[in-house]
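Hi,

Here is the structure we talked about, ready for you to open. Have a look through it first, and then read my notes below.

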Amino acid sequence: MLTGVDDPVVRKVYEIYGQVVESRQPVRDPEAIIDALRREFKLLVKPHVVYITVSAFINNRPVLYEGPPGTGKTEIGEAILYLWSGKKPFILPCSENYDEYRVIGDFHPAMAMAKGFNEESFIPRPLLAGLIMETGVLVDEIRRSSEEFQNLLLDVIDKRRIIIPELKKVYRQRGAGFQVVFTSNPLDIAQGELSDAFLRRVVRVEFHYPSTQEEYEILELKLGDLARRLSDNLVFKAIEVVGALREKAVYKPGVSDTVTWLTLTALLSDIKGKEKADEDDLREAGRAVLYKNPEDEELVDELLGKR
């Protein structure tokens, strides 16, 4: 087993990914992570999410963030992985055709024909790169992957190793930086089920939409100086509309939709030369942001107050 600098695959990983993986000082204290998430990433994260995630990482267990869309699962998972490892994590957006060749590595066809299936023709992919570089990996929407892909991951998350049979090599986790976060929306119709074997190996953290006050605080963080253009009445009106759509609409807007809506509202008022945004700006921006599904347009108009 070769995993040092003399290994051609390790060298290739750093040649391909070394220049694109941003680095920073690792942060592994939960309270420091909560502070950094708010201060640096403008994320308001419930303390229990951070504490459970850090505990799982210490125990070398992957974490499954489950909840409806727009609750911040991907953004929060990516930020925590970045802080924990001190390196920007790899993001794998799942689809049903994901397989080992897309995430572990494959062989360049022309090179393999000319020189054989060896280290020279092998192209490492992000999951193997994360293991070798000791950085995190976020597997987004794991329920959209096939059962075969989930089974492939079992050995990686359980044994913390990746086997490449063609090269007769085994790569193992060497440090605590390599951790895995999965995200999932259990209500998504374009998905399969997670196997019992997979669920036994993960630590599940449930995500919910924020409360009115939490969403208000998130908006303050995200909007920054633009918030001064918005009265509290407009902000709470937007939160009320979004809350109603989450209950009744086909497309359920997430926090990012609320942020986009109010950002656009503030910018509209600015380019119109107004000191503060008004309800007309809110409606105009709302139609642009919230019209996602034709079936919801009448409801959106009703909630916005059609004029």
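Let's start with the two domains: nine residues of domain 1 are in contact with seven residues of domain 2 (contact means heavy atoms within 4.5 Å). Domain 1 covers 8-206 and domain 2 covers 212-304, with bounds from an automatic or database domain assignment. Their centres, taken over C-alpha atoms, are 33 Å apart.

A quick note on the source: this is a predicted model, where local features need pLDDT of at least 70 and side-chain atom pairs count only at pLDDT 80 or more, while totals for chains, interfaces and linings use all residues. Residues are numbered from 1 along each chain as its sequence is written, and side-chain values use heavy atoms, leaving out hydrogens and water.

Now for helix H10, residues 212-223. (Helices are DSSP runs of H or I, at least four residues, numbered from the N terminus.) Its 12 residues should span 16 Å at 1.5 Å a residue, and the end C-alpha atoms are 16 Å apart, so the two agree; the expected span is 1.5 Å times one less than the number of residues. Glu215, Tyr216, Ile218, Leu219, Leu221 and Leu223 of H10 are buried, meaning under 20% relative accessible area (1.4 Å probe, protein chains only). Among what covers them are helices H2 (30-39), H11 (232-248) and H12 (255-271).

Cheers

Conventions: Helix = DSSP H or I, 4+ residues; strand = E, 2+ residues; numbered from the N terminus. Buried < 20%, exposed > 50% of the residue type's maximum accessible area, 1.4 Å probe, protein only.
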